[in-house]
Number of protein chains: 2
Amino acid sequence: MNEFDLIRKIDQLTADSSDVKIGIGDDAAVVPNFKNKDVITTVDTLCEGIHFKRSTLRLYDIGYKALAVNLSDIAAMGGKPRYYLVSLAISSDWEQDELLDIYRGMNDLANHYNVILIGGDSVTSKSGLTISITVLGEIETDHSLLRSSAREGDVAFVSGILGESRAGLEILLEQDFNERNRLTMAHQRPEPQVILGQLLKDSGYRVSLNDISDGLSSEVWELAEASHVSFCLKEDKIPISKEAEKLFGKQKALDFALNGGEDFQLVGTVEKSKWPDIEAAAKEKGLSLTAIGTVEGGSPSVFMRRQNGERIPLKQGGYRHQ
Amino acid sequence: MNEFDLIRKIDQLTADSSDVKIGIGDDAAVVPNFKNKDVITTVDTLCEGIHFKRSTLRLYDIGYKALAVNLSDIAAMGGKPRYYLVSLAISSDWEQDELLDIYRGMNDLANHYNVILIGGDSVTSKSGLTISITVLGEIETDHSLLRSSAREGDVAFVSGILGESRAGLEILLEQDFNERNRLTMAHQRPEPQVILGQLLKDSGYRVSLNDISDGLSSEVWELAEASHVSFCLKEDKIPISKEAEKLFGKQKALDFALNGGEDFQLVGTVEKSKWPDIEAAAKEKGLSLTAIGTVEGGSPSVFMRRQNGERIPLKQGGYRHQ
């Protein structure tokens, strides 16, 4: 495989932009200053066989999802993603056309959010494909939404429906790789909550925020530990998936929501008096937010109030890649 | 291995800095705006077994070199590196203490250039270690030094001595892993030319620049192609290594310089009338620059004038990782 040929073809995929001074093809990329804004950046790596398998993700979806994971991190800060860099470590059994399919998936998602590919590299690996994506974004000075901003009395909320990605994975692994439905699409093309993150930031309220890459329980634990508070979630408020419930039963659907992972929805908190505002603003944009519990004092911990009234501790478990 | 425990230990290694708003531990890192400066960014990935082997690099050196490769790219733009992110994909045979040694190597080089670790991730790989580093830097608006700036009549120059890294690798592979001399150190701890890059940028002259990650011939070809010019290098001006010559003979030492790779010196061009200024400014800072030839017109190509007067074409070969 010829790296220069690959670069040329990737370059053709990518739209020219006046927002880029030096893009692909020099030692480093150069972009204009983010006028008066803070710079947000994140990197995530996905490994073949661990984070994705060619038996559950099409090539296009591998690219789409690799970028989505990173955009989700920017969303969880309330930031606006602007640019991305891609580093591929590729084993010899990958063909150039296959790699271009991966870039097409990234490129389509990137175009949707006006995020521009500015650089990266591709190297040879001993085995499998490893994709590292770095995203640069911007946010109004000191307006980042942090995990450490939750306070006693806050309303805890989540976006969207939880557990669908895991339910989709089960279908792809156990049943039919060619199935395309709401659940499998949730696994293969998760929608990063970029618009919602910015809406929450624009509110100007004190909002704590985290994205749900592992399960809900694990992500709420991160908020609890960063903010030194405890959470009590209500089991019957957690937005589990009707489709997953139909296929796997209610208990499994709840388990997928709590411990499934890869939903890339957002979980956060806001002062109780501001919750109706936030809820209405999201609704107006067609974005779904659900209040799932409250923030309490005490040392970091997470509880769930079951429908029978029982209050049980939620373990930090969640879904972890090996 | 526990990722949170590793993050905590890495965090302890890293100096606190008022230049970082949100560092390791949230969804993304946040740094202040680079006031009125352009933003430079680059990513490079090193794979175990391809770019480094534990039989030729100590753990500390793996970290040092992985960051050096990236700083070299920023240097080749004339930029000032400010922040970095590290993404590790780790197989199960790596121990936490070993990874911390890698971070120590990065950290020491980073401290030397006041570059701050602000984030990253670590994930599980199926086999081997893959290190992806992203560096963010800054440069005065529109002052980046590009590969495309060479013009007919320019003086072509290189920094330092070439071919030592490759000579060092030969010693480490064939002779003695424990040898520590000028050549093996050039391979294990290459010095990114960050100060020189900024000096060239500060000159305000039209300077084309590239870093020597592959061999000199390959990097000069990149300048030729980006600038649509040809180069004629003088064999007897190429700064080959006296130590390498002593051990491997003159022909091998020249071959290491032209095709060896991983020297991470800089190669570039400047208008002939400005060359004495540039040379003197570098000398004043204790940095070595050597004029090695001239830029000519014509279609992109690279020639070398041999000591016997013969003019031979230099192939684009250079050293390529598999």
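User: How many residue pairs are in polar contact across the interface of chain B and chain A?

Analyst: In this predicted model, 28 residue pairs across that interface are in polar contact, both residues at pLDDT 80 or more. A polar contact is a pair of N or O atoms within 3.5 Å; within protein, one must be able to donate a hydrogen and the other to accept it, and residues adjacent in sequence count only if both atoms are side-chain atoms. Local features need pLDDT of at least 70, side-chain atom pairs count only at pLDDT 80 or more, and totals for chains, interfaces and linings use all residues. Residues are numbered from 1 along each chain as its sequence is written, chains are lettered from A and ligands numbered from 1 in the order in which they are written, and side-chain values use heavy atoms, with hydrogens and water left out.

User: What makes Asp26(B) and Arg147(A) a salt bridge?

Analyst: The closest N and O atoms of Asp26(B) and Arg147(A) are 3.6 Å apart. The term requires a side-chain nitrogen of Lys or Arg within 4 Å of a carboxyl oxygen of Asp or Glu, so this pair qualifies as a salt bridge. Between chain B and chain A the count is eight salt bridges.

User: Why is Asp27(A) called buried?

Analyst: Its relative accessible area is 5%. Buried means under 20%, exposed over 50%, and partly exposed in between, with a 1.4 Å probe and protein chains only; Asp27(A) is therefore buried.

User: Which side chain of chain B makes a polar contact with the side chain of Asp27(A)?

Analyst: That of Arg147(B), at 3.0 Å. The cut-off is 3.5 Å, so the pair passes on distance. Asp27(A) also touches other residues of chain B, including Thr42(B), Met77(B) and Leu209(B), where contact means heavy atoms within 4.5 Å.

User: How many residues are in contact, and what area is buried between the chains?

Analyst: 59 residues of chain B are in contact with 59 residues of chain A. The two chains bury about 4300 Å² between them, 54% of it on carbon and sulfur atoms. Buried area is the accessible area (1.4 Å probe) that two parts lose on being put together, summed over both. In chain B, Asp27(B), Asn33(B) and Val39(B) lose the most area to chain A, together 15% of what that side buries.

User: How do you know what relates the two chains?

Analyst: A rotation of 180 degrees with 0.0 Å of shift along its axis superposes chain B on chain A, with an RMSD of 0.0 Å. The same surface serves both copies, as 100% of the contact residues of chain B recur in chain A.

Notes: Copies are superposed by least squares on the C-alpha atoms of residues with pLDDT of at least 70 in both. Lists of a residue's contacts leave out its neighbours within four places in sequence.
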